[in-house]
Amino acid sequence: MGVAVIGASMTKFGQRDAWIQELLSQAGEECLDDAGVTPDDVEHLYVSNMASGEFQGQTGVMNALAHDLGVLPAYSERVDQTSSSGGAGIYEAWQSVASGASDMTLLVGGEKMTHKTTGQATDIIASITHPTEYKHGVTLPSFAGMTARHYLERFDAPRESLARVAVKNHRNGVDNPNAQFQKEIDVETALESPIIADPLRLYDFCPITDGSAAMLFTTEERAAEIADEYAVVSGIGGATDTHVVHERDDPTVMGGVVESSEEAYEMAGLGPDDLDVAELHDMFTILEFLQLEGIGVADQGTAWELAMDGETAKDGSLPVNTSGGLKSKGHPLGASGVAQGVEIYEQLVGEAGPRQVEADVGLACNVGGFGNCVITTVMEAAE
């Protein structure tokens with residue numbers, strides 16, 4: 001059964017006074033309004049959220065949201081797949097409609113993080129690493145630094161290429177009113193910012209963020225009846241890689257990205273040459289290179305050339321992270337994958353405003369941990 005997206009919303013990302021329940025409710029209400037659908041129509045409700053218990057001491061967020069939105073007695077479920085919880089939520093929502101279990105499924109993703117210190121938030125996130133790695137003080141930023149150094153030296157890539165990813169995504173964020181940072185930077189600023197995990201500097205990292213996003217799914221048949229413009233989930237795939245990162249054969253290959261994108265392409269009957277726009281999980285700038293290679297847009301060790309040549313800019317051959325990406329838009333863990341889907345949906349139905357590009361096919365890649373689990377989604381504009 002074909003699955004369509006008929007509505008989407010995203011709250012302002014950044015430092016918010018609202019707590020998790022308020023953030024989720026805001027995105028859910030705005031998504032239903034966007035689609036012109038009443039709460040009574042919702043049969044399944046999924047909430048993508050990684051750590052509301054750890055960050056805020058609140059569990060059962062899906063039941064609270066069902067009550068707040070008035071979607072009772074809809075089936076509700078919380079989806080936790082670490083930082084790819086949003087992408088996993090898209091997978092669950094797609095399954096619920098494709099299987100015939102639901103005709104109208106609402107997905108809301110959100111996280112409240114900024115009330116914690118950077119050290120506290122980093123420690124909560126680092127708990128997703130292998131216990132042995134965690135015991136030795138490994139964090140995701142340290143993995144990123146080691147991988148970036150290996151990539152730059154092995155493929156003779158200039159340090160400037162990583163800075164150009166940050167510059168591009170900050171530029172795109174200026175056009176996104178919901179982005180955490182709406183401020184352009186230049187290459188020199190990125191290269192001279194403080195070192196965080198050598199060779200990566202401050203502007204190579206995404207911020208800690210509060211925010212939420214939502215998408216509404218239904219059958220293609222019902223979408224054609226109630227929506228003038230909609231998008232279709234034509235392919236989706238999920239995959240995992242080793243939990244212990246140093247056990248991978250090649251640290252510059254994200255196996256979960258390769259496997260999930262191949263699965264999504266096969267389902268859609270499309271390939272990397274068909275893409276018009278992509279949202280990638282740039283939690284660290286180096287990850288944009290690894291994912292461009294993993295989804296088949298660039299050969300191994302060459303994605304940095306796309307950044308240097310401007311091919312991934314908004315006016316390039318494949319615009320990447322037109323939303324500003326995690327780098328500029330922000331990274332509220334459970335919301336990030338949903339927000340990627342929101343951006344692709346808005347690009348496909350022509351609602352991206354100043355960020356709009358010509359797009360009939362879009363891809364979103366949401367990464368959990370350091371590539372431990374990945375969801376890749378291919379969406380097309382409805383004909």
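Lys and Arg count as positive here and Asp and Glu as negative, while His and the chain ends are not counted. The place of a charge is NZ of Lys, CZ of Arg, CG of Asp or CD of Glu. On that basis the protein has 20 positive and 61 negative side chains, and the centres of the two sets lie 11 Å apart.

This is a predicted model, in which local features need pLDDT of at least 70, side-chain atom pairs count only at pLDDT 80 or more, and totals for chains, interfaces and linings use all residues. Residues are numbered from 1 along each chain as its sequence is written, and side-chain values use heavy atoms, with hydrogens and water left out.

Start with the overall form. The secondary structure comes to 15 helices and 11 strands. Both are DSSP runs numbered from the N terminus: helices are H or I with at least four residues, strands are E with at least two. The C-alpha trace spans about 55 × 45 × 40 Å along its principal axes. A compact globule of 383 residues would have a radius of gyration near 21 Å; the protein has 19 Å, which agrees. That radius is taken over C-alpha atoms, and the globule rule is 2.2 Å times the number of residues to the power 0.38.

Buried residues make up 61% of the 383 residues. Buried means under 20% relative accessible area, exposed over 50%, and partly exposed in between, with a 1.4 Å probe and protein chains only. The protein exposes about 14100 Å², and carbon and sulfur atoms supply 46% of it. These areas come from the Shrake-Rupley method with a 1.4 Å probe; for residues, only the protein chains shown count as cover. A contact means heavy atoms within 4.5 Å. Among contacts with a separation of 6 or more, 78% join residues 24 or more positions apart.

Helix α12 (residues 285–294) shows burial well. It is largely enclosed by the rest of the structure, because 10 of its 10 residues are buried. They include E288 and E293 as well as F289. The buried residues of α12 pack against α7, α8, β6, α11 (255–268), α13 and β10 (361–368). Just after α12, G296 takes a positive phi of about 90°.

S161 is buried, with a relative accessible area of 0%. Leaving aside neighbours within four places in sequence, S161 is in contact with L152, F289, W304, A307 and M308. A polar atom of its side chain lies 2.6 Å from the backbone oxygen of P158.

Now the backbone. Most residues other than glycine have a negative phi, and most peptide bonds are trans. D156 has a positive phi of about 55° although it is not a glycine. It lies in the loop between α7 (140–154) and α8 (159–174). N321, also not a glycine, has a positive phi of about 60°. Its loop runs between α13 (303–309) and α14 (325–329). Are these two buried or exposed? D156 counts as exposed at 65% relative accessibility, whereas N321 counts as buried at 0%.

There are cis peptide bonds too. One runs from L72 to P73, with omega near 10°. P73 sits in the loop between α3 (61–69) and β3 (75–79). Another joins D198 and P199, with omega about 15°. P199 is in the loop between β5 (195–197) and β6 (200–201).

Methods
Polar contact = N/O pair within 3.5 Å; in protein donor to acceptor, adjacent residues only side chain to side chain.
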